[in-house]
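Here are some questions about how labels are given to parts of a protein model. Each answer sets a value against a definition.

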Amino acid sequence: MAELPSLLLASLNPSTRKQAEQSLQSLSLQPGFLTHLLTLVLQSSQDRAVRLAASVYLKNLIKSRWEDDEPHVADADRSALREALVPAMIQLSNASDKAIRAQVAESISLIAKIDFPEQWPDLVDKLVFSLSDSNFEVNIGVLETAHSIFRPWRAEARSDALFTVINYVLSRFTRPFLQLFLHTTTLLFSSPPPANLAQIAQAMVFLVDIFYDLTCQDLPPDIEDAHAQFFGPESGLFLKLLMWDPAELRGDPDDTTPSLPSQIKTRILEIVELYVKLYPETLQASASVEAFVRAIWDLVGGGKRPSVADDGLVSQSLRFIASAIRTGYYKQLFSSKETISGLVQGVVVPNVSLREHELEQFEDDPLEYIRLDLALPSMGGLGVSNDAVTRRQAAAEVLRALVSSGLESETTEVTGAWIGQGLNEYAANKSENWRAKDTAIYLLTAVATRGSTTQHGVTSTNALIDVVQFFSDHVFQDLQAEPGSIHPILQVDAIRFLYTFRNQLVKPQLLSVLPSLVRHLSSENYVCYTYAAISIERILFIRQGNQLMFASADIKDIAPQMLDALLSKVEKAPTPEKVAENDYLMKCAMRVIVTARGALADEYARLLQRLVAILGVISKNPSNPNFDQYIFESISALMRFVVQANPSTLPTFEQALFGPFTIILQQDIDQYIPYVFQILAQMLDLHAGAVPAQYRTLLPILLTPAAWQQKGSIPGLVKLLKAFLARDAPAMVAQGQITQVLGVVQQRLIPSKLNDGWGFELLQSVVQHAPPATVKQYFKSIIITLLTRMQTSKTDKYVYHFVYFLGFCLAVGKEEITPDYIVNEVESIQAQLWSQVLANFVIPQAPKMPPKDRKVVIVGLTRLLTQSTLMLRDPLAQAWPPTFQALVKLFKEEQLLTKKEDEDPDAGITQVDYEEQTAGYQAAYSRLAAAETAPVDPVAHVKDLKAFIGQELSGLSGKAPNVKELLARTDAGVTGPFVQELAAAGYSI
């Protein structure tokens, strides 16, 4: 493993990355690799870039392999790594190792989520044992480790399993934690301050973080007992820490990183906000909240703390005030007009006004300005973290809290005066006082909003404000203004106003402003044209009930112009990274294509050319997963709707895409391969006749083990193989390729907890499309593979897939693959095995099947009960009554079994809203909504399920006299009403 450092460095260089990653992948399969990697991380003599790359690679290996056994991490390696991780964190406690320590902490968190406490029972004991009264360098490592393990609790849903883990931790950790907390505050407040004050303060940051972790689900008794010590209104530790501001730890005024005291204060206010929301009774036992509000006033009131470093503290202070107002418990504190006026003047207005920092960001880092200003999810679509909430948004939140808490008229009156003042100042000198108007518009937006979501904009407004009137009086003129005639921020404000209140405008109003937005797409200002793209995209996404407001006819005349403006901006960028940087433009292009549908049939060829050219540029260095998703979604949607309108256009798409797709597959651009497979499957599905030769040449590549290495490719590969099976199964049998498909299923997919579902999809496709003789050749070995996995590592998901697969095989009803054939094959493995499969899996699982799968399972079980002679003879007849009961229970939610005929076949694609998916390379499968086909019903011939059961049962009772006796053995409470319904419908048994 001597070459490991050079391989890690090579993996950081785009030109050598691919080769290095493949070599690392091979090395990583060797025994002891994980601990060797950790040893490298800890070697202080080693190049820092190597150590950091090793820590990231270790975390990624744990993320991809620890839970999924593909490829397996040996138990000895797991145990050795668990043993080494806590000492490693302590060794990395030095401040210079902070970035590396964060990666190792994340590794511990990932393992603990799966192994703790069952396979790692001594983890917390080791942490407690390592805590020290004097060595705060060690404490920092230990506390960061503890926080990395406990932090995931914040986002978890309450469950017995979660509380078992929390109680296990509390019983070992809370008391030593509280002792260290009190000891650390004593040191922080001591005079003269200790020499290692910064180290102690860093430990306090983690201690406060852990206090939040331990209380985020429920109040632990030990912490509840110490409540007054922390929250006391006179001398509580939290209030003391809010006031604590040692000169030695104050940052430089120009620094953008929060000082340690600022971090401590911010986190304390997060805890107090948590208590206000979850434990209001505990807080109301004393005047704590009033004391915290006074402390906040002293901390941030009147525009104190203007520096960027304190943004987090100021925002959290305002969020705490907003939460306290919203609870309604502190009405007497906030309801007087004087208080509201003081709040607006003292904390809202100073924090809504634009600072130099924001103006610089507007010019120099426009994408970050946009993301923060609109509170949009950052790259990866994971939603905005608390750090990303700006002062302006937090100040606006205070106004919204007042408005929604029954203080509408007072708040509107007070804020209205400030809005009027700002507009008057602007009118007096438009070139100098544009900031006054910007503040006025922001204040109005805040006070007019009662409810909103990122996806849909403002959903309800303050009844005292006429938003549409304000738009036409003060905002519309800025939307129409010529570029350069007003400050660009006012133009951006006008577009944002439209974006925010899009749901308050009716369709004719939106259609009338759409041309102005399209004009702004050609603006020279980055923020201006990006806001225009974001607004157009969200306007086209507006729904009325189940229908989109805008249809193809509404935009067919301006769609080409919009797409030209959007793609021109993308194409102008000088480097691949810059081309892919602004995913908002590509998302808007995708939405225009999805909305215009077949209206683009005339100019599709030029559009396709441009999209393919952009793809060629960004594939040189893929850098933005959101942009990738939207460009492939655009290509897929364009093909879907244009070929739908004119099937003869399919060859044009194939000619344009086959070349670039071949390069992507040859160069193994792993970020794009999942998309390529999906679009190839989509094109293949669009072919009505025989499979063209160029597709057939792909099949051998798809069936090599290398193609299945990357987990993100597997769903797309499965989709493509299913398209081949549906179109070309006989030719695949002749080439021996069905055997290879089943080899992939049995060796790569079914053993994997992550990918077993895809394995079942492929198996179902083989059963459905391959000739019966071929299916019979392999059926027994398939069942053995499935039952072996059931024995070695059963999961709830696996049982569900297994039961559905059996239901599917029984339901599809191919000649020769009869219910008796299936039962016989299982029994030939081991006598009485079919009874066990029914009793242990099918009967308990079937009633729990999700609605989309019920029809297939109902048809399968009906055929088993009525068409299998073996099921009517002992010993298997013992299983007939409970199987029938399971079948009847499937009808409990009958309305879910009937499909509405008028559903839009393209509904899925019009709802593409990528922010709702978790994006990301490698780990995530990036599904293309436009490439999805409506699911095919394998039992479409059965129209009425009850009638089907009635016919089959009444037919059976004529042939098999013991059916009545078997029915009599069922629980009449479950089956009686059902049998009576059948009789009433004319099916007598």
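Q: Why is Arg 538 called buried?
A: This is a predicted model, where local features need pLDDT of at least 70, side-chain atom pairs count only at pLDDT 80 or more, and totals for chains, interfaces and linings use all residues. Residues are numbered from 1 along each chain as its sequence is written, and side-chain values use heavy atoms, with hydrogens and water left out. Buried means under 20% relative accessible area, exposed over 50%, partly exposed in between (1.4 Å probe, protein chains only). Arg 538 has a relative accessible area of 5%, so the residue is buried.

Q: What makes the contact between Arg 538 and Glu 537 a salt bridge?
A: A salt bridge is a side-chain nitrogen of Lys or Arg within 4 Å of a carboxyl oxygen of Asp or Glu. The closest N and O atoms of Arg 538 and Glu 537 are 2.7 Å apart, so the pair qualifies.

Q: Is Glu 537 buried or exposed?
A: Its relative accessibility is 3%, so Glu 537 counts as buried.

Q: Why is Glu 413 called partly exposed?
A: Its relative accessible area is 48%, so Glu 413 falls in the partly exposed class.

Q: How many salt bridges does the structure hold?
A: The structure holds 47.
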